[in-house]
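Hi there,

Here is the structure I promised to pass on. Have a look at it first, and then read my notes below.

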Amino acid sequence: MKRNTKALAGFLTLAILIGLAGCKKEEIRDYPVLADPSPADITQTVPMDFEMETDYSNISVKTEKDTYSKDTEEIVYTITNHNPGKGFYYFSLPYVEFYDGESWIRLAYYPPDYHQEAGVWNVCGVEGEPEMEFSTNGIFYPQSVTGGIQDGAYRLVIFVGDTWVSYQFRFEN
């Protein structure tokens, strides 16, 4: 009787572990490509000592390099407003797109801190610095792109205010 109980317990443990592993894989595979966020209300004022941007045409984004290895763990990007002294809204989550030779294809991207940062608009600005170009950094985690990274052209799409900016780079083996 004890032998059958041990065998049954072992079988049930193995079945539970297989079931849990299957759920995790299914969870990753079912992540959808995110839709564009609703634009920020750029007419909204903030209680800080700087003027908020109303013309988002002079904001750029750039990564540290133009080419990365496919095994890169983090890519730091910088969003800069080239209108000195103007604070700006930016979306907390970068979007990533792959160029398939004809068009840009939005990819499903869920970084490790996705649930904490998803869907949040932030403000970038420094109080009392009217002559400064305000900028902020973010991190893109290539290994969090569903389906993985392949050689080719990519771009980060960063939503700012009521528009977006992008920066193109490459992954190579």
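**Cavity, core and a buried asparagine**

The search turned up one cavity of 30 Å³ or more. Please keep in mind that this is a predicted model. The largest cavity holds about 30 Å³ of space. Its lining is made up of Leu34, Pro94, Tyr95, Val96, Arg106, Leu107, Ala108 and Tyr109. By type, the lining has seven nonpolar residues, no polar ones and one charged one.

Next, the core. The largest nonpolar core contains 42 residues, and Ile79 and Phe140 have the most contacts inside it. Two or more residues come from each of the strands β2 (59-63), β4 (75-81), β5 (86-91), β6 (95-99), β10 (152-160) and β11 (163-172). Of these, β10 gives the most, with six residues.

Leaving aside residues up to four places away in sequence, Phe140 touches Glu73, Glu74, Ile75, Tyr77, Val96, Tyr109, Val145, Leu156, Phe169 and Phe171.

One more residue to look at is Asn81, which lies in strand β4. Is Asn81 buried or exposed? Asn81 counts as buried because its relative accessibility is 0%, and the cut-off for buried is under 20%. Its side chain makes a polar contact of 2.9 Å with the side chain of Glu53. Besides Glu53, the residues that Asn81 touches include Asn58, Ile59, Lys86, Gly87, Phe88, Glu133 and Phe134, again not counting residues up to four places away in sequence.

Enjoy exploring!

Best wishes

Note on methods
Residues are numbered from 1 along each chain as its sequence is written. This is a predicted model: local features need pLDDT of at least 70, side-chain atom pairs count only at pLDDT 80 or more; totals for chains, interfaces and linings use all residues. Side-chain values use heavy atoms; hydrogens and water are left out. On a 1 Å grid over the protein atoms alone, a cavity is a set of points where a 1.4 Å probe fits but cannot get out, and a pocket is an open set with protein on both sides within 12 Å along at least five of seven lines; lining residues have an atom within 4 Å of a point. Grid points are joined across faces, edges and corners, and a volume is the space filled by probe spheres set on the points. Ala, Val, Leu, Ile, Met, Phe, Trp, Tyr, Cys and Pro count as nonpolar, Asp, Glu, Lys and Arg as charged, and the others, Gly among them, as polar. A nonpolar core is a set of buried Ala, Val, Leu, Ile, Met, Phe, Trp, Tyr and Cys residues joined through side-chain atoms within 4.5 Å. Buried means under 20% relative accessible area, exposed over 50%, partly exposed in between (1.4 Å probe, protein chains only). Helices (H or I, at least four residues) and strands (E, at least two) are DSSP runs, numbered from the N terminus. Contact means heavy atoms within 4.5 Å. A polar contact is a pair of N or O atoms within 3.5 Å; within protein, one must be able to donate a hydrogen and the other to accept it, and residues adjacent in sequence count only if both atoms are side-chain atoms.
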